[in-house]
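I am starting a notebook on a structure that is new to me, and I will write down what I look up as I go.

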Amino acid sequence: MKRKWIKNLAAITLTMSMALCACGAPEGGDSSGTGTPSAGDSPENTESGTPDTDTQEPAGNAVSDISGTVVFAVRDSVMEQTRLYLRDFKQLYPNIQVEIQEFSGSDDLYTYLTNQATAQNMPDVVYGWDNLSTFALQNWIYPLDEFLEKDDEIQYVPQSFLDGFTYEGKVYALPAWLQFSCLAVNKDLCDELNLDVPSYDWSIDEFIQLAKDATTNTTSGINHVGSLEQYLMQEFQGIKGQWGYDSETRTFDLTNGAFEKSVAILDELGKVPQLVADAMRDQSVLDAGGVDDYSKKFGANVDGVSDGKILIINASTWDDEWLNPSLQGVNWDYYPIPAQVKGENRPIVHADYAMMLSTARDPEAAFQLLKYITYGKDGILERMELQNSNANNLYENNRFTIPVSTHPEVAEAFKASENVPEGIKYMYDHLDIAVKGDYSKVLPDYWAVINDSIYQAKVRIGEGEDAASVARETQEKLNESFGASWQIFSEKMQQVQKDFEAMRNQ
């Protein structure tokens, strides 16, 4: 019966894969590196895709007699960390056998799962950051509602995080860890320039003035402004998400003034000579053997950020892997994106996820592993302990993970960790008013319909077209196109849900 179910899914997968390929390849996503147990290549020589059973003996007191076998797909780049992390799970669930199915970190998840589905060798649990809707349409994902309804710890996960991974009333993935869109401030440079160090609840006006005041012949206000208009737009709008998206009406709002204001701020900053440091770079000059304006200001082969000559760094928490080593010995901190009104900042949150595959052999056991690697208190505390101690020297550039849970024990441990910058703790304390910054991970046709439309609008405004007119035209076309895409997606997902129930019951 199980073999028949898997064969049926493989047939559907092949059919839908052909349809998706005809429409263009699915998008990839940026790995949110800070949260991922990253760094370190696998010491194993197992062939990619071959289940590898970890034979680590359980120790300690078990808390559950749930049994079963779970195949956990793990990227080769995080194998050592994963094995270390799972030791505690084996103590808690000694009757659950976890088999690791290793795959190359250079492969995108869609390609990997397509190959595994074709080979009828799907894993049961896997992390992801690609667009979830692509996987859902393939009927690859096991809806989680039956497990969440009876789990006490889910109360500590903000409902908005679960809503982000919900299609047609069912939860298809769990947030694994959080990231914040934010900025970093070099406090030492504030002191050097005799500027007041901003407070975490700073305003957009304070941000602009600080960037201007920090721009001198030897220093700059900010390194670059990429994506900053998107972040500022969310702060102007308050409760709405990425690009003014309203999850209830499924529409984008580009005409309430927030888009125009945000674009205007970037234009204002760009007009101040030497304020935006990277705008002084010119690779063509360097290739010709010359010295560009960036090198003239900061020195040849000198990075202005690492050299402590740029006050505000446009870098989010997923950049910590390179940012923290770059600023060793410097007094710096992360800051929320500034708000239109001082004190009204809303953290802009991103969430990578983990999902259970629809072919899971032992769903109850698979859910326990899924919970452990996402919102479960025990899994979060174990990961935090490994990072705090830099266990086996595997976490040097992976010093903290922002938990999705507000469980009292988790919150206490997170705020007590010396690895976590104070600005991150501040944003974690305000998760109740956070806004979603990564609808790109969940909305169907995001890159083809949404991202391309916004990109073209920014290009047109940059070329001198009236921002208000471009915003109105873009909003109308965007909402019409996305509305049609969502309708098609919704109808397909309703059929996917019917097919899932039918096949699991075979």
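Entry 1, a helix position. I began with N479, which, leaving aside neighbours within four places in sequence, is in contact with T251 and F252, where contact means heavy atoms within 4.5 Å. N479 is found in helix α19, helices being DSSP runs of H or I with at least four residues and strands runs of E with at least two, numbered from the N terminus. Looking up one of these pairs, I found that N479 and F252 are 227 residues apart in sequence and 6.3 Å apart in space, C-alpha to C-alpha.

Before going further I noted that this is a predicted model, in which local features need pLDDT of at least 70 and side-chain atom pairs count only at pLDDT 80 or more, while totals for chains, interfaces and linings use all residues. I also noted that residues are numbered from 1 along each chain as its sequence is written, and that side-chain values use heavy atoms, with hydrogens and water left out.

I looked up the secondary structure, which comes to 19 helices and 14 strands. Of the 506 residues in the chain, 56% are buried, and for this I kept the cut-offs beside me: buried is under 20% relative accessible area, exposed is over 50%, and partly exposed lies in between, with a 1.4 Å probe and protein chains only. Among contacts between residues at least 6 apart in sequence, 78% join residues at least 24 apart.

How many residues does the largest nonpolar core have? It has 154, and L132, F135 and M355 are those with the most contacts inside it; such a core is a set of buried Ala, Val, Leu, Ile, Met, Phe, Trp, Tyr and Cys residues joined through side-chain atoms within 4.5 Å. Helix α19, residues 467-504, gives the most to this core, with 10 residues. As background, I recalled that nonpolar side chains tend to be buried together in soluble globular proteins. I then followed F135, which, not counting residues up to four places away in sequence, touches L109, Y110, L113, D130, W140, I141, Y353 and M355.

Beyond residues up to four places away in sequence, A136 touches I141, Y167, M493 and V496. A136 and A173 are 37 residues apart in sequence, with 9.7 Å between their C-alpha atoms.

Is helix α14, residues 363-372, largely enclosed or exposed? Nine of its 10 residues are buried, so α14 is largely enclosed by the rest of the structure. Among the buried residues of α14 I listed F367, L369 and L370, and also Q368 and K371.

The largest pocket has a volume of about 700 Å³, a volume being the space filled by probe spheres set on grid points that are joined across faces, edges and corners. A pocket here is an open set of points on a 1 Å grid over the protein atoms alone, where a 1.4 Å probe fits and protein lies on both sides within 12 Å along at least five of seven lines, and lining residues have an atom within 4 Å of a point. I counted 30 lining residues, of which S160, D163, S247, K436 and Y439 lie nearest the centre of the pocket. Helix α6 gives the largest share of the lining, three residues. The lining divides into 15 nonpolar, six polar and nine charged residues, with Ala, Val, Leu, Ile, Met, Phe, Trp, Tyr, Cys and Pro taken as nonpolar, Asp, Glu, Lys and Arg as charged, and the others, Gly among them, as polar.

R346 lies in the loop between β12 and β13, and it counts as partly exposed at 24% relative accessibility. Leaving aside neighbours within four places in sequence, R346 is in contact with E235, G238, I239, I433 and V435. Turning to backbone angles, I found that N301 has a positive phi of about 60° although it is not a glycine; N301 sits in the loop between α12 and β11 and counts as exposed, at 84% relative accessibility. D445 likewise has a positive phi of about 60° without being a glycine, in the loop between β14 and α18.
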